Amino acid sequence: MIEVHELTKRYGRRRRGPSRLAGPAARLAVDRLTFSVRPGRVTGFLGPNGAGKSTTLRLILGLGEPTSGTATVGGRRFRELPRGLRDVGALLDAHDVHGGRTAEAHLAALARTNGIPRRRVGEVLEEVGLAGAAERRIGGYSLGMKQRLGIAAALLGDPPVLLFDEPVNGLDPEGVLWARGLFRRLAAEGRTVFVSSHLMGEMEHTADDLVVIGRGRLIAAESGAAFAARGTRRSVTVRTVDPAASRGLADALEAEGATVRREAGASEAEGATVRAREELLRVTGTDAERVGLLAHRLGVPLAELTARASSLEEAFMELTADSVEYR
Ligand SMILES: Nc1ncnc2c1ncn2[C@@H]1O[C@H](COP(=O)(O)OP(=O)(O)OP(=O)(O)O)[C@@H](O)[C@H]1O
């Protein structure tokens with residue numbers, strides 16, 4: 001289990017007075033973050049560019065001191081973990097490798113300094129699909145190959161906890177599918193898998209849980225379904241069979257503060273078509289139960305009543321809109 005408690009990181013100095021000699025304005029990269037990441041699940045770590053994801057991952061890995069608060073893995077700070085890469089594996093920056101070395105030499109050096117058996121080098125190269133390029137210098141690798149190598153390094157110590165910072169950047173569609181499958185398998189083996197991304201679409205089919213941050217602050221730490229339910233773009237589709245009754249229902253809904261839009265075209269229900277005299281209403285700001293109750297009270301016959309949740313992507317865009325810095 002990864003536990004982050006009131007974690008705060010301020011970069012730069014506090015500006016003192018109007019002096020031109022004062023240092024750059026302080027930057028609160030991480031602001032009292034509290035969340036935990038459970039084993040046996042893939043947890044997506046999401047936020048717009050500059051939200052503080054990399055800073056948080058670095059603090060969990062003991063790279064840099066928090067200004068305040070704590071980050072622990074299995075109850076201990078990273079530096080107190082006795083087994084290094086065998087306790088926690090991480091991919092932070094795929095470019096952060098010695099370009100003159102071969103992949104094999106790079107991993108062999110990591111294995112040596114972390115007390116990991118040499119045979120793991122071949123195993124992880126095989127696992128990430130780089131066995132055929134093991135003898136090539138890393139400097140000639142594509143970004144996607146470097147990501148695969150970074151993932152291999154994270155897996156080297158067969159650790160129970162894995163952190164990946166934007167691991168699918170630069171991977172081709174086949175590579176993205178492969179990485180998703182790998183993360184799911186690692187979680188199914190009971191490991192703690194924490195994966196950052198600035199794109200919700202990348203996490204939608206991979207993550208069980210989400211930790212969402214914006215401008216260093218926690219926006220949500222919950223399951224994907226719970227997060228999607230927070231989006232307000234939930235809507236209810238109502239198909240009525242009588243235009244006059246339909247107007248009555250729309251008026252009643254609007255009087256309660258809901259927003260009603262008349263829609264032309266097909267209904268949400270599979271195979272259903274909107275016949276003559278039928279009307280399709282798209283209602284937001286209320287729920288299907290309330291619409292059904294009102295229709296019943298007003299004696300409005302309904303042909304369809306369908307609730308539609310916000311997509312994860314919609315909820316993400318909406319809930320992080322205020323924290324997007326770089327438009
Ligand atoms: N070493 C540093 N010194 C000063 N400011 C920094 C440093 N590292 C990061 N920052 C700032 O802290 C904020 C958070 O950056 P961070 O890289 O953690 O965000 P991120 O969520 O990983 O973003 P991205 O999705 O763009 O990678 C940014 O405003 C960044 O400019």
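**Ground rules.** I count residues from 1 along each chain as its sequence is written. Because this is a predicted model, I take local features only at pLDDT of at least 70 and side-chain atom pairs only at pLDDT 80 or more, while totals for chains, interfaces and linings use all residues.

**Helix H5.** I looked up H5, which spans residues 173-188 and has 16 residues. Helices (H or I, at least four residues) and strands (E, at least two) are DSSP runs, numbered from the N terminus. From first C-alpha to last, H5 reaches 23 Å, close to the 22 Å expected at 1.5 Å a residue (1.5 Å times one less than the number of residues). After H5 I find Gly190, with a positive phi near 95°.

**Its two sides.** I call a residue buried if 20 or more other C-beta atoms, placed from the backbone, lie within 10 Å of its own, exposed if 12 or fewer, and partly exposed in between. On H5, the buried ones are Ala179, Arg180, Phe183, Leu186 and Ala187. They lie on the same side of H5 because they cover an arc of only 130° around the axis, taken from the directions from the helix axis to the C-beta atoms. On the face turned away I note exposed Glu174, Gly181, Arg185 and Ala188. The cover over the buried residues includes strands S3 (41-46), S6 (161-165) and S7 (192-197).

**Cores.** A nonpolar core is a set of buried Ala, Val, Leu, Ile, Met, Phe, Trp, Tyr and Cys residues joined through C-beta atoms within 7 Å. The largest has 69 residues, and Leu107, Ala152, Leu156 and Val212 have the most contacts inside it. Helix H4 (residues 143-155) gives the most to this core, with seven residues. I also noted a second, separate core of 13 residues, including Val238 and Leu280.

Note on methods: Contact = placed C-beta atoms within 7 Å.
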